[in-house]
Amino acid sequence: MHLQCISWLLPSAHDPALFVHISPRGRTLLLLYVDDMIITGDDSKYIDFVKACLRDQFLMTDLGPLCYFLGIEVSSTSDGFSISQEKYIQDLLAHAALGDERTVETSMELNVQLRASDGDPLPDPIRYRHLLGSLVYLDVTSPDISYPVHILSQFVLAPTTVHYSHILRVLRYLRGTITRRLFFPRSSSLQLQAYSDATWASDPMDRHSLSSYCVFVSAPTTILGGSLIAWKTKKYTAVSRLSVEAELRAMA
C-alpha cells in the first residue's frame, strides 16, 4: 500500500499482519488479512484519517464496530468484550454429521495413551484431516481442546478408527460447551501470570515429554488471572532423563 497514512503504520515485530501507529493522542492498530482488516486504538482522529485515506484509493466498506472476523465472533458490553466461535462450531458439527445429540464432560479421557497402531487404518483419511484442521483453528478461542488436538495431530498421516473416535469425542465436547467464551475485562492491570506443567516420558511411542503453559493478564478482583491471552501444548524434541528436567524445560 503506497499510501502516506499506511506508511506511518509500522509493521509489528511479532506479527507481519499487524501494523502500529503511535502518536501523542494514543496508539492505533491495524490488523490485515487479505482484504479484511480491523482498525482499533485510542487515536480516533487518526483512525478516521486512515479510513478516509483507504476509501479514496480502494472500494472499501466500513462494517462498524467489530462483531465478526474470520469466523471469530466478538461481543462487547460495558464490562469488557468476549470472543467465541459458536457459529464455526455449529457449521463443523453439521459437517461432521455425528448422528446423535450426545455430549461429554471432557475433550479427552484422563491418562489415555494413543499409539499409531491402535485400531484399523481409515480407508479415507481425508475426512480425519479436514476435521482436525478445523479443530486446529478452533484452538484460537478454545484453549481447552489444545491438548487433544496436539495429540491427534500426530496421527494425521495414517489415522485409524481409534484416532477418529477421539476426534468425535472432541466434537461432542464442543457441542456441550458451545456457548463458552473468552472474556477480556475493560479494567485490568498489566501484570502477567503464567502457569506451566509438564509430563515425563509420557508419549508411549517415543517417550518424549509434553508441556503446556497459559498466560493471563491479571484483573483486580481475581486471583487466577483475568484474561487468558496465550496458551500452548508442545512435545519436546529430546527425551528428558529425569522428571525434574521435564519440569525445568516447561519453565524455560
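Predicted model: local features only at pLDDT ≥ 70, side-chain atom pairs only at ≥ 80, totals over all residues.
1. Which residues of α2 are buried? They are Tyr-46, Ile-47, Val-50, Cys-53 and Leu-54. These residues cover an arc of only 125° around the axis, so they sit on the same side of α2. An α-helix has 3.6 residues a turn, so residues three or four places apart point the same way. On the other side of α2 you will find Lys-45 and Asp-56, which are exposed.

2. Cys-53 has a relative accessibility of 16%, so it counts as buried, the cut-off being under 20%. Cys-67, by contrast, is partly exposed, with a relative accessible area of 49%. The count of disulfides comes to zero.

3. How many salt bridges are there? The count comes to nine. One of them joins Asp-91 to Lys-87, with the closest N and O atoms 3.1 Å apart. Both residues belong to helix α3 (residues 86–96), and because they are four residues apart there, about one helical turn separates them. Asp-91 is partly exposed at 44% relative accessible area, and Lys-87 is partly exposed at 41%.

4. Another salt bridge reaches across the sequence. Glu-109 pairs with Arg-169, and their closest N and O atoms are 3.9 Å apart. Glu-109 lies in the loop between α3 and α4 (126–138), while Arg-169 lies in helix α6 (residues 161–176), so the pair ties together parts that are 60 residues apart in sequence. Glu-109 is partly exposed, with 45% relative accessibility, whereas Arg-169 counts as buried at 19%.

5. Some salt bridges share partners: in this way Asp-100, Arg-102, Arg-172 and Arg-175 are joined into one network. Within that group, the side chains of Asp-100 and Arg-102 meet at 3.8 Å, N to O. Asp-100 is partly exposed, with a relative accessible area of 21%.

6. Which residues make the nonpolar patch of about 310 Å²? Tyr-33, Val-34 and Leu-70 make it. Tyr-33 belongs to strand β3 (residues 26–33), and at 48% relative accessibility this tyrosine counts as partly exposed.

How values were computed
Residues numbered from 1 in each chain as written. Heavy atoms only, no water. Patch = residues over 30% accessible without salt bridge, like charges linked within 9 Å, V, L, I, M, F, W, Y side chains within 5 Å. Areas by Shrake-Rupley, 256 points an atom, 1.4 Å probe, with all protein chains shown as cover. Salt bridge = Lys/Arg side-chain N within 4 Å of Asp/Glu carboxyl O. Helix = DSSP H or I, 4+ residues; strand = E, 2+ residues; numbered from the N terminus. Buried < 20%, exposed > 50% of the residue type's maximum accessible area, 1.4 Å probe, protein only. Arc of directions from axis to C-beta. Disulfide = S-S within 2.5 Å.
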